[in-house]
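I wanted the overall layout, then a closer look at one helix.

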Amino acid sequence: PEAQAINLGVGRAAFEAAMDYAGVRIQGGRPIIEHQAIGAKLAEVLINLETSRNAIWQAAWTTDNPGSEPSSNFPPLPRAKIAQVVTAERIYRATKDSAECFGAMGVMRDMPMQKYIHVSRVFLHTGDGNADTKLRIAEAVTGHSRI
């Protein structure tokens, strides 16, 4: 989960930059953070960050405490792989949404948001990639593996 924690840090940095900018940018006589559309977008970013953080914590816990999965009808879940997929997809979405708070300035090369989006895309395609990782999750859950 180390790579996912780093990715979460990228998402947090993007969120904090968007929050700071939304507090100082004035549009229509008031800070844009007071506009409903920006507030809703920032709330969605925060939800994505929290969901990712929880997936990372669950993966770390089950890695440190093997056999701690609650008994259920399902086989043990590959929490590290689930955290990889959830974090990659949600942090990429969070960085894009954070950049949208900046408007056109969010994609300019001299702004930090462009770098955050680029790094989150790297995590989206790192390792086996999300499609293969989802296949590994399906194999673990069904007990079936490719030949």
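**Overall layout.** I kept in mind that this is a predicted model. I looked up the elements and found five helices and two strands. Reading from the N terminus, I get α-β-β-α-α-α-α. The C-alpha atoms fill a box of roughly 60 × 30 × 20 Å along the principal axes.

I checked burial next: 33% of the 147 residues count as buried. The protein exposes about 8800 Å², and carbon and sulfur atoms supply 58% of that area. For contacts with a separation of 6 or more, I found that 69% come from residues 24 or more positions apart.

**Charges.** I looked up 16 positive and 15 negative side chains. The centres of the two sets lie 4 Å apart.

**Zooming in on α4.** This helix covers residues 112–124, 13 residues in all. From first C-alpha to last it reaches 19 Å, close to the 18 Å expected at 1.5 Å a residue.

Which residues of α4 are buried? I got M113, I117, S120, F123 and L124. Down the axis of α4, these buried residues fall within an arc of 120°, so they line one face of the helix.

Last, I asked what the buried residues of α4 pack against. The partners are α1 (2–24), α3 (79–100) and α5 (129–142).

Terms used: Residues are numbered from 1 along each chain as its sequence is written. This is a predicted model: local features need pLDDT of at least 70, side-chain atom pairs count only at pLDDT 80 or more; totals for chains, interfaces and linings use all residues. Side-chain values use heavy atoms; hydrogens and water are left out. Helices (H or I, at least four residues) and strands (E, at least two) are DSSP runs, numbered from the N terminus. The expected span of a helix is 1.5 Å times one less than its number of residues. Buried means under 20% relative accessible area, exposed over 50%, partly exposed in between (1.4 Å probe, protein chains only). The arc is that of the directions from the helix axis to the C-beta atoms. Contact means heavy atoms within 4.5 Å. Accessible areas come from the Shrake-Rupley method with a 1.4 Å probe; for residues, only the protein chains shown count as cover. Lys and Arg count as positive and Asp and Glu as negative; His and the chain ends are not counted. The place of a charge is taken as NZ of Lys, CZ of Arg, CG of Asp or CD of Glu.
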